[in-house]
Amino acid sequence: MSRGLRYSDAVTLLGGSGPLVRAADKAAGAALTLATAGGSDLALSLFDARSEAVKLSEAAIGRLSDSVRGLRRYDRTQRLHAAHSVLVVTAFFSALDECLAETRVASPGFSRDDQLMLAAARRGSGWVSALLDADLPAPSAERTAQMLLRDISSWASAAGTRLSSFLSGLAEWDRADSRARRSLSDALASRLPSRAAELYLESARRLAGDIPEFVIWLGQLETHAVGRGLEQLEALLRPIGSHFDPSARRAALAAANRAVLSSPVLGGDVHQPSLGDAYIDPRFQVKAAGPGARPADDSWWDADIRNDFGDFLATYLTTPAATQAPMLLLGQPGAGKSSLTRILAARLPAADYLVVRVALREVRAEAAIQDQIEQAIRSAIGETVSWAALSRDADRAQPLILLDGFDELLRATGVHQSDYLQRVSDFQRREAALDRPVAVIVTSRVAVADRARLPPGALAVRLEPFDEPQVARWRELWNAADPARRPLSLSVLRRFPDLASQPLMLLMLALFDASTSELGDHDSLDTGQLYERLLSEFARREVGRSFSGPDADLPRLVEQELLRLSVVAFAMFHRDRLWVTEAELDNDLAGLGLLFADRASDRPSGFRTPLTAGQEMVGRFFFVQRSQAQRDGQHLQAYEFLHATFGEYLVARLTVQALHDAVARDAAGTLALQPQSADDDLLQSLLGYTPLTARATVLPFITGLIDGASARPWLVDRLRAAVLRPQWKPRAYQPVDRRSDFWTATYSFNLALLVLACGQPLRASELWQYAADPAYWMRITARLWTAAVPSSMWLDSLSPITVSRSWAPDRRRDIVLSAAGRPAPSRVDLLWSFRVHPDDQPDPGLSGFHDDTSFEIALRAMSLDGYLSTDLLRHALEPLIETMPSALTEVVVHGPGDAASIARTLLDVWLAGLSSDDAQLARAYVRAIEAVSASRAPGRATALLAASLERDADRLPAALVTACRAALPALPPT
């Protein structure tokens with residue numbers, strides 16, 4: 001529950017005084033000493049307290065509009081916050097007065113001496129403490145108006161409960177009329193809370209006519225349509241402005257902020273709406289945070305999704321909490337965090353808000369918060385101004401600092417910044433002590449929100465993806481920007497909801513459709529085909545900006561651009577991150593030997609530092625987000641795709657291209673490789689570090705791109721060589737450190753995945769063509785794969801694979817891998833495990849191994865393996881292993897193709913006993929009797945089966961019960 005001022009603090013802020021306030025000053029922490037009814041200031045009755053609250057409310061609230069006029073924004077906020085607290089207390093006393101009157105407790109039979117007893121409680125133990133000590137419910141950004149009313153009702157209920165408790169302990173109360181006592185107790189519990197909230201709301205609504213902040217806090221301005229450009233925020237704040245002209249420096253800063261509203265959303269040759277028109281107010285979640293908060297964890301966000309962002313910001317900026325701790329504004333890449341800070345800086349009235357937007361990518365990462373602010377001011381107005389001087393010059397305006405891009409500091413510098421938000425909070429605390437209170441909003445990606453500790457009082461806000469009404473509204477604005485252009489269809493956007501729900505990706509789709517019209521013309525485009533056309537089109541546009549050669553060369557240059565972007569994708573993929581630093585990218589490019597001779601003539605030759613390969617490659621693509629920061633005089637950069645699946649598609653694309661080139665035995669191919677390269681050198685370099693299943697969409701993209709008919713024979717041949725004669729050689733391309741044996745195992749696993757992507761299953765007998773037991777060698781290889789693939793990825797790597805045990809036509813055991821969805825796990829065929837072919841008909845009876853020493857060694861091996869799945873199975877079976885180990889190792893053949901361990905048949909009996917199928921239960925007993933009868937050491941198994949038989953006898957045919965009892969061997973002596 002959000003809380004506000006104490007009552008005594010509120011009275012002081014409003015310039016009032018009275019018995020309650022003097023009591024707090026004179027008897028802080030002590031009992032409220034009562035004198036005679038007519039004497040001391042501390043002689044305080046319930047009705048005196050009520051009278052004081054009402055009198056103060058009438059005096060202070062009555063002149064509130066005049067008293068806050070001309071105050072600076074912060075002081076006005078504090079004064080109105082105090083007035084709100086007085087309203088809450090007055091509403092409580094008025095409701096209590098009604099309850100007393102209705103229940104006749106205030107009648108002559110309840111004397112003034114009795115009433116004085118109501119004030120005799122010590123602070124903290126009675127109803128007086130609710131006025132002097134408790135924080136009162138107050139407006140806050142994370143709570144809606146409905147929540148505030150519930151808070152007031154809950155607070156009044158607690159105060160009423162404390163009053164009832166206190167009264168019940170008074171001797172005088174026991175002498176009062178019993179019906180009046182019961183009536184009052186009922187009223188305090190049932191009527192008082194709701195009535196206090198109603199009276200508060202009536203008073204607050206009356207004030208709303210003169211004080212616009214109460215309109216904001218009460219949520220009376222309904223939003224019936226999707227908002228844009230934070231126009232709602234401006235409409236709410238402008239009426240409460242001071243309307244004083246800002247100083248020259250503040251005016252210059254405000255003008256720079258305001259200019260973004262009329263600028264296009266993105267540069268280019270396509271007509272676009274302005275940022276102020278095109279920005280759609282986001283949906284969002286908000287939650288009070290602080291130490292222990294987990295805003296990067298989806299499960300932590302249990303708040304409702306809201307769509308009143310303008311109202312939320314207006315409430316936040318008109319409550320004291322904004323200056324007490326920072327707000328952390330979170331969103332996914334492309335969610336519009338930076339655009340939001342630009343719009344917010346532009347919309348706030350310059351007379352009442354001094355807004356400094358700090359792009360953290362453009363300031364020194366290691367600098368203090370104040371130094372970063374001063375750098376941003378100089379960048380905005382071209383003048384060096386100290387923060388202290390500018391904040392003193394703020395006059396009536398409330399300073400607001402927007403620190404945009406905390407995640408960029410982390411990615412670009414790699415420096416631990418866990419105390420950054422605490423440093424922001426310390427900055428706010430210092431400024432408040434100097435009477436320069438400042439509000440701060442920090443933006444960041446959701447994924448790195450746990451990389452910084454949130455200080456007490458912090459507020460976390462997460463931007464949500466667009467819903468369909470927001471997408472539809474954005475589309476209307478886009479189409480209106482150029483009526484001559486073929487309208488963008490909403491049905492087209494609905495086909496790609498993941499992209500259309502992110503603002504920047506939505507813009508990318510619109511730009512693509514405006515340039516090519518392909519979205520509307522190709523209804524059957526799947527995601528992979530869309531990505532291919534979309535990325536190719538943007539690469540073609542970028543190449544065309546600087547290319548003046550023959551048109552025939554354009555496709556090759558476009559392909560080179562996409563190749564380089566694919567290297568960026570692999571750089572992130574192998575490092576298991578969604579971003580990569582400039583230095584890492586340059587190293588990867590150098591390792592792969594991808595040269596840039598075709599662009600050498602475009603490079604500058606003056607005094608400026610030449611662009612690195614990474615800078616040159618990704619700097620032109622707006623769907624590659626560049627994070628940058630300055631540290632120790634160095635300009636550090638990192639890169640990230642606006643949507644993770646772009647990178648995953650490019651990983652698939654380059655993999656398939658390298659494969660097709662290798663199949664064609666063309667060293668140069670379309671990839672401009674070095675002529676000395678082996679036919680699959682690039683493919684080997686790319687596939688030895690990370691399984692292709694590390695990202696869920698990579699393998700499906702590959703399946704859609706690969707030419708399975710021509711690629712599968714080549715892949716099977718290379719996979720056969722990789723598992724029979726694994727080879728490794730030092731490579732210049734080493735995105736991550738990798739052991740040579742793990743490299744070869746990962747490479748062979750990825751080849752197996754590519755075989756499956758071709759659409760046909762992969763059989764062990766295809767690889768080990770001459771082995772007596774191909775299944776054995778597949779199992780050995782799978783163990784190598786398990787060791788090579790990080791444990792966090794291994795189970796995910798198996799999710800798209802179905803494993804079946806089978807037989808080769810020549811009667812050898814086989815294992816078949818296929819990409820056939822996710823069927824239920826196949827049941828264990830013990831005859832296959834013991835190498836018994838289905839055509840062989842073993843005699844019914846006992847088979848398998850019986851060497852207990854071997855089983856103990858097998859258990860030891862399981863302990864050494866340490867697989868979680870194995871541990872879980874062992875843990876479940878430990879009671880059987882410890883009490884009757886032979887039941888697990890003795891296997892009974894019941895008929896052709898039908899074999900089971902004794903332990904399995906016992907489990908079948910127990911579980912069938914829990915079902916309602918009597919026929920199934922009977923079959924289970926028949927098999928169990930066969931198994932126990934064949935056992936060499938039936939002792940425990942016989943005892944357990946006999947006990948089960950007694951339990952289930954009434955469900956079995958009498959003849960079967962008799963036969964079972966006769967077949968059970970005599971129990972050994974106990």
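## The chain as a whole

Residues 24 or more positions apart account for 74% of the chain's contacts with a separation of 6 or more; a contact here means heavy atoms within 4.5 Å. What you're looking at is a predicted model, where local features need pLDDT of at least 70, side-chain atom pairs count only at pLDDT 80 or more, and totals for chains, interfaces and linings use all residues. Residues are numbered from 1 along each chain as its sequence is written, and side-chain values use heavy atoms, with hydrogens and water left out.

The chain has 45 helices and 15 strands, taken as DSSP runs numbered from the N terminus (helices are H or I with at least four residues, strands are E with at least two). Of its 974 residues, 52% are buried, meaning under 20% relative accessible area with a 1.4 Å probe, counting protein chains only.

## A three-stranded sheet

Now for some strands. An open, antiparallel sheet runs in the order β10-β12-β11, where two strands count as paired if DSSP finds at least two bridges between them. At the edges sit β10 (762-763) and β11 (802-807), each pairing on one side only.

β11 and β12 (residues 813-818) pair over 6 bridges. Tryptophan 807 has arginine 813, in β12, as its bridge partner.

## Around valine 424

Helix α20 (residues 420-433) holds valine 424, which is buried at a relative accessible area of 0%. Leaving aside neighbours within four places in sequence, valine 424 touches Pro326, Ile369, Leu403, Val440 and Val442. Alanine 439 lies 15 residues from valine 424 in sequence and 10.0 Å away in space, C-alpha to C-alpha.

Key
Buried < 20%, exposed > 50% of the residue type's maximum accessible area, 1.4 Å probe, protein only.
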